[in-house]
Amino acid sequence: MKEAMGDSVVIQAERIAGDFLLEQVKSSYQIIGKGFVNQVCVVETESRKVVVCMNNTGTYPSYIKEKWCIEQAAALGIPGPEVLTIDIVDETAYMIQAFVDGDNGLDSTVLKSDVWRQLGKYAKLINSIQVKGYGENLIDPVHGEFHSPSHAGSDGSWLGYVQYNINSLTESDRLIELGVITQMKSQRVRKLFENLKKGTFRFGLNHGDISLKNTIVNQTGQVILLDWGNAEVRTVHGDIISVMQCQILDGDPNIGEFKAFLDGYGISVEDLADMRHLLLLRAFDNLRWAIDRSPDQVESYAAIAKQVVDMIMD
């Protein structure tokens with residue numbers, strides 16, 4: 001059954017690509033792994049080789065966002081896959097991109113710290129893309145306006161996001177039960193978050209998942225950035241905070257690679273002190289999201305939050 005399921009994905013990708021390119025399909029295969037949320041296939045015709053990403057119709061706005069981000073980034077010299085089209089057919093949203101030749105950043109023979117340094121440069125450029133608003137949904141591609149859906153306890157604004165995390169620090173907080181914080185540390189965290197409300201932050205576009213797996217390194221050593229599905233407007237150092245979180249959790253990037261990333265961005269390890277409180281806020285918010293929406297991820301998010309607490313509080 002599993003094989004048939006895989007076959008049907010490839011058959012659908014062939015049909016979508018064939019209809020768009022108006023050519024006979026020569027070969028095709030599904031790309032498995034590398035952390036894709038979408039079903040991803042490579043389809044080749046006589047004259048073209050393309051990548052077809054497919055998902056349910058609810059993903060269509062996210063494809064619009066990806067296309068927009070890739071085009072904005074390309075205008076600043078950040079190479080990405082060319083998006084040929086996005087559309088919906090038979091309850092399936094899809095995006096067709098030109099195939100990018102090269103090795104995935106995880107498998108490339110290029111020095112990993114060199115790739116990370118380049119990603120640091122990209123992260124800095126991405127922050128300079130003209131955007132409005134706040135959040136992960138691109139609601140107006142013409143003006144680059146983003147929006148965050150409100151949820152119980154938050155109106156979707158930056159201050160609402162901080163306030164929601166302050167209000168969640170109660171005596172019956174699940175984070176205490178999970179061993180992430182003690183009652184006493186909860187009071188200290190509250191003070192830190194209250195201070196964030198008073199801070200002035202610059203907001204900008206963040207890629208949302210800067211990592212080696214989201215790169216292709218081509219024959220000339222050029223680093224091509226993929227997968228903008230998690231892009232959002234947040235405080236400008238959002239991508240640094242995400243990479244810092246990965247570094248803390250599993251040591252990937254390692255210390256040398258992380259320094260190369262910071263070097264590419266143009267900041268030093270000393271500059272990270274101010275970001276640690278934002279890292280704590282992100283770790284707590286992610287954990288609360290998992291508690292509400294994704295119970296199977298609670299354990300791993302609790303582990304991150306605990307490590308961040310230990311790093312900052314001691």
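The crossing of helix 4 and helix 6 is left-handed, a term used where the near helix is turned anticlockwise from the far one by less than a right angle, with clockwise giving right-handed. Helices here are DSSP runs of H or I with at least four residues, and strands are runs of E with at least two, both numbered from the N terminus. The model is a predicted one, in which local features need pLDDT of at least 70 and side-chain atom pairs count only at pLDDT 80 or more, while totals for chains, interfaces and linings use all residues. Residues are numbered from 1 along each chain as its sequence is written, and side-chain values use heavy atoms, with hydrogens and water left out.

Helix 4 spans residues 158-167 and helix 6 spans residues 183-198; the two pack at an angle of about 165 degrees, with their axes 10 Å apart. Axes are lines fitted to C-alpha atoms, for helices over the stretch in contact, and angles run from 0 to 180 degrees between N-to-C directions. Helix 4 is therefore roughly antiparallel to helix 6, given that angles over 145 degrees count as roughly antiparallel, under 35 as roughly parallel, 65 to 115 as roughly perpendicular and the rest as oblique. Leu159, Val162, Gln163, Asn165 and Ile166 of helix 4 meet Arg190, Phe193, Glu194, Leu196 and Lys197 of helix 6, where contact means heavy atoms within 4.5 Å.

Helix 7 (residues 238-250) packs with helix 8 (residues 255-265) at an angle of about 175 degrees, and their axes are 11 Å apart. This pair, too, is roughly antiparallel. Helix 7 contributes Asp239, Ile240, Val243, Met244 and Gln247 to the contact, and helix 8 contributes Ile255, Phe258, Phe261, Leu262 and Tyr265.

Among the strands, strand 5 (residues 92-98) holds Gln97. This residue has a relative accessibility of 10% and so counts as buried; buried means under 20% relative accessible area, exposed over 50% and partly exposed in between, with a 1.4 Å probe and protein chains only. Beyond neighbours within four places in sequence, Gln97 is in contact with Val50, Val51, Ile70, Pro81, Glu82, Val83 and Leu84.

Turning to the cysteines, the whole structure contains 0 disulfides, a disulfide being a pair of cysteine sulfur atoms within 2.5 Å. For Cys53, the nearest cysteine sulfur belongs to Cys41, 9.0 Å away. Cys53 is buried, at a relative accessible area of 8%. For Cys246, the nearest cysteine sulfur is that of Cys69, 19 Å away, and Cys246 is partly exposed at 37%.
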